[in-house]
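Trainee: Could you go through this model with me? I would like to begin with the overall fold and then turn to details.

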Amino acid sequence: MLKIDNLPKKVRFNLRNKEIFPNTILSPMDGVTDAPFRRLCRVLSGDRMGLLVSEFVPTDGDAVFNPDGHKQLKFFPEERPFGIQIFGRFPDRMAYAAGKIAETFHPEFIEVNAGCPAPKVAGKGSGSGLLRDLPRLQEILHEVKNTLDAKTPEIPLTLKCRIGWDDESINVMETLKIAEGEGVEMLTVHGRTRLQGYNGLSNWDWIGKVAAAAKIPVIGNGDVNSVECARERINTYGVSGVSIGRGAMHNPWIFGQIADAWEGREKHVITAQEALDVFPLYYKFKIEDGATEMNAMGRMKQLAARLCKGFVLQEEIAQSRSRNGVRDDSEVSVAMSVRQALLTSQSAAEMLDRVQELKEGIAREMVFEPERLVNLNGAKETELKFGDQFKGR
Ligand SMILES: Cc1cc2nc3c(=O)[nH]c(=O)nc-3n(C[C@H](O)[C@H](O)[C@H](O)COP(=O)(O)O)c2cc1C
């Protein structure tokens, strides 16, 4: 039965004249959202992903951009509508790369990255470094758009940005104006500054201000980790949709759960056993994509490090209800022991054996509730320390 009350105000949006349902994007994550990870999310969602985007593709390094040299450009026809994201600081090289990519792969959109905070990118003036040089960002958008219009006018240009370099220089409203002026057709805003890295929380008030002022679809990004959160963000901040990154590593079913909710279906509750089943599936997808066993194990561990945080013992839930839902250390401990068991595996075979043991053992007493985690910051993302912000300037 359709539960109309639970639908957000928007469940779809248009990228030019293409209707996108559900209004979600798997946020590009370098070293994570390669074709096998995207395939995993796609399969688990029943192919209801909204938009998919490549990991970002560098354009600065090559004197002449060669599409053959970039593994990030690999995608499958089933992934369409698919966007390819590029980053760089030279307008002519960005435009050349965009033209080559557009002609070679015919993606549904080309996206410019103005958000990456990594010192080796932002410190050189690319990624979020462009937010300190908006005339350069404008020139890049102008040149890329001109090239696309000349070669492949059917392919829209999109932009992904942060709200500014630091708290003293928040300039996302100017970025929006420039983007619209240069013919950008969708803007994804990650509500953190570059200085924040992945610390603190995404500032959705700024995202809301951009959405209210924009003529183009604005997609909000940062910390979305559940159906309820996606619905609340869309309703409260007026965005056309949400882009989900780390939340998909905690819960690769999230896109299907959102699509189910938007279609008025009952929530499909993922059991702990079902959650553990993603590991052999992901391993299969990695190997089919040509990964070595070591690389595939590394990616399984990367996923385990986040996904396992959603495990809780049923008994502990009952106890925590009696404590008004406050989570204590004992709840974290089962998640951590499962996580530890997987992360200390020495080979893919051992890891998959341990998954099976967990499935037949403790998982019977566990539930999978990734939405209980509020803070998605893991050690890796928070390691951008204050001093690091200034390296490579
Ligand atoms: C490991 C990692 C790699 C990332 N790589 C990219 C990238 O290639 N392009 C991009 O636009 N954003 C990249 N991001 C940022 C995410 O797309 C997203 O904006 C950010 O994680 C906030 O969203 P979330 O809270 O849903 O994760 C990356 C983030 C992480 C954690």
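Mentor: We shall take the overall fold, the core, some strands, the backbone and the ligand in turn.

Trainee: What should I know about the numbering and the kind of model?

Mentor: Residues are numbered from 1 along each chain as its sequence is written. This is a predicted model, in which local features need pLDDT of at least 70 and side-chain atom pairs count only at pLDDT 80 or more, while totals for chains, interfaces and linings use all residues.

Trainee: How many helices and strands does the protein chain have?

Mentor: The protein chain has 16 helices and 13 strands. Helices (H or I, at least four residues) and strands (E, at least two) are DSSP runs, numbered from the N terminus.

Trainee: What percentage of the residues is buried?

Mentor: Of the 393 residues in the protein chain, 50% are buried. Buried means that 20 or more other C-beta atoms lie within 10 Å of the residue's own; 12 or fewer makes it exposed, and anything in between partly exposed, with C-beta atoms placed from the backbone.

Trainee: Which residues have the most contacts inside the largest nonpolar core?

Mentor: They are Ile86, Ala98, Ile110, Leu141, Val144 and Leu187, in a core of 111 residues. At least three residues of this core come from each of domain 1 (4-262) and domain 2 (272-372). Such a core is a set of buried Ala, Val, Leu, Ile, Met, Phe, Trp, Tyr and Cys residues joined through C-beta atoms within 7 Å, and the domain bounds come from an automatic or database domain assignment.

Trainee: What does Leu187 touch?

Mentor: Not counting residues up to four places away in sequence, Leu187 touches Leu159, Cys161, Leu176, Ala179, Ala214, Ile216 and Val218. Contact here requires C-beta atoms, placed from the backbone, within 7 Å.

Trainee: Why is strand S9 described as largely enclosed?

Mentor: Strand S9 (residues 187-193) is largely enclosed by the rest of the structure because 7 of its 7 residues are buried. Leu187, Val189, Gly191 and Thr193 are on one side, with Thr188, His190 and Arg192 on the other.

Trainee: And which strand is joined to S9 by 5 bridges?

Mentor: That is S8 (residues 157-164), which runs parallel to S9. Gly164 stands opposite Thr193 in S9. Strands pair if DSSP finds at least two bridges between them.

Trainee: Turning to S11, are its faces covered or uncovered?

Mentor: Both faces of S11 (residues 241-244) are covered, with Gly241 and Ser243 buried on one side and Val242 and Ile244 buried on the other. S3 is joined to S11 in parallel by 3 bridges, and Thr24 stands opposite Val242. S10 (residues 218-221) also pairs with S11 in the parallel sense over 3 bridges, with Asn221 opposite Ser243.

Trainee: Now the backbone. Where does Pro22 lie?

Mentor: Pro22 lies in the loop between S2 (18-20) and S3 (24-26). The peptide bond from Phe21 to Pro22 is cis, with omega near -10°. Another cis peptide bond joins Arg80 and Pro81, with omega about 0°.

Trainee: What is phi of His106 near?

Mentor: Phi of His106 is near 45°, a positive value in a residue other than glycine. His106 lies in the loop between helix H2 (91-105) and strand S7 (109-114).

Trainee: Lastly, which residues are closest to the ligand?

Mentor: The closest are Ser27, Met29, Phe56, Gly245 and Arg246, among 24 residues surrounding the ligand. A residue is near if its C-beta atom, placed from the backbone, lies within 6 Å.

Notes
Contact = placed C-beta atoms within 7 Å.
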